[in-house]
Amino acid sequence: MEDLPADLQRAAEEAVKRALAEDVGEGDFTTLWIIPAQARAEGCILSKEEGIVAGLAVAKTAFAACDPELVFEAAVADGQLIQRGQVLGRVRGRARSILTAERTALNFLQRMSGIATMTHRYVRAVRGTKAVILDTRKTAPGLRPLDKWAVRLGGGQNHRMGLYDMVLIKDNHIAATGGIAEAVKRVREKMANGESRIPIEVEVKTLAELREALDFDLDRIMLDNMTIGEMREAVGMAAGRVPLEASGGVNLETVRKVAETGVDYISIGALTHSVPALDISLEVDETRI
């Protein structure tokens, strides 16, 4: 199993620390009162359904944070397609530590695998088109780096990581400034005065707004909640001058039709905000305790 990049490893360690503190509190009394201190065990992590596994490295971090002497060995790689009943990894060491860390490790592994699996389904649905599947900022608070890593493991790409790495002028910004032209003007003035140079994207809801936005040499334009017909017309209007991103109300039943309009990107909040967890369990060999 490959090590995480340094930034993701730090994010995993911070998230795991919070999760263990939340779960263990003053102590895992069930385990402490039942399992002898000297007992050792081996646990097997099993998938109960097909999907894309993601988060094995985070599960390893969770076990290590609970007890550095636990040994975790992955049987598959993050991003791999797994089958129902497949062994994903094993952990061995102090029985108490395995049982205390179990839920935290599985919570990360199940959520991230659910995200990767859902992303893979969308990517598969648009195969053969040029459309790229993107996530959004609709992530679990405090887990964004891990949520977005799971999207990448599922074959998608990340939109902006936060408010700091892209200007996205949305409807409320436009309403507050009186129009697209004024909003873009203010952004460009700040950049000209030495502020950070980051990509600029503008959200449009109508073809008239698109026509206006096309005059400003933007990095990307978001087509918000447009119909299939409107998106197809928008692609024709843009004629490749600027990448177009479709957003709003896209699901697995409609994503193929959206992709076939010719848009460059499709952003889907459901990849991270309401994805079902993949069913994964840890089974301890009772003969080893």
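This is a predicted model: local features need pLDDT of at least 70, side-chain atom pairs count only at pLDDT 80 or more; totals for chains, interfaces and linings use all residues.
**Figure 1. The whole protein and its surface.** Of the 289 residues, 48% are buried.

Figure 2. The protein has 11 helices and 12 strands. Take the contacts between residues at least 6 apart in sequence: 70% of them join residues at least 24 apart.

**Figure 3. The largest pocket, with a volume of about 380 Å³.** Which residues lie nearest its centre? They're Thr136, Lys138, Lys170, Ser247 and Ser267, out of a lining of 21 residues. Strand S9 (220–224), strand S10 (244–247) and helix H11 (270–273) are the elements that give two or more residues to this lining. Sorted by class, the lining of the largest pocket holds 9 polar, 7 charged and 5 nonpolar residues.

**Figure 4. The second largest pocket, with about 280 Å³ of space.** Here 14 residues form the lining, and Ala19, Glu22, Asn107, Phe108 and Leu143 sit closest to the centre. Two helices to look for are H1 (6–24) and H4 (95–125), each of which supplies at least two lining residues. How does the lining of this second largest pocket divide by class, and how many residues are charged? There are 6 nonpolar, 4 polar and 4 charged residues.

How values were computed: Residues are numbered from 1 along each chain as its sequence is written. Side-chain values use heavy atoms; hydrogens and water are left out. On a 1 Å grid over the protein atoms alone, a cavity is a set of points where a 1.4 Å probe fits but cannot get out, and a pocket is an open set with protein on both sides within 12 Å along at least five of seven lines; lining residues have an atom within 4 Å of a point. Grid points are joined across faces, edges and corners, and a volume is the space filled by probe spheres set on the points. Helices (H or I, at least four residues) and strands (E, at least two) are DSSP runs, numbered from the N terminus. Ala, Val, Leu, Ile, Met, Phe, Trp, Tyr, Cys and Pro count as nonpolar, Asp, Glu, Lys and Arg as charged, and the others, Gly among them, as polar. Buried means under 20% relative accessible area, exposed over 50%, partly exposed in between (1.4 Å probe, protein chains only). Contact means heavy atoms within 4.5 Å.
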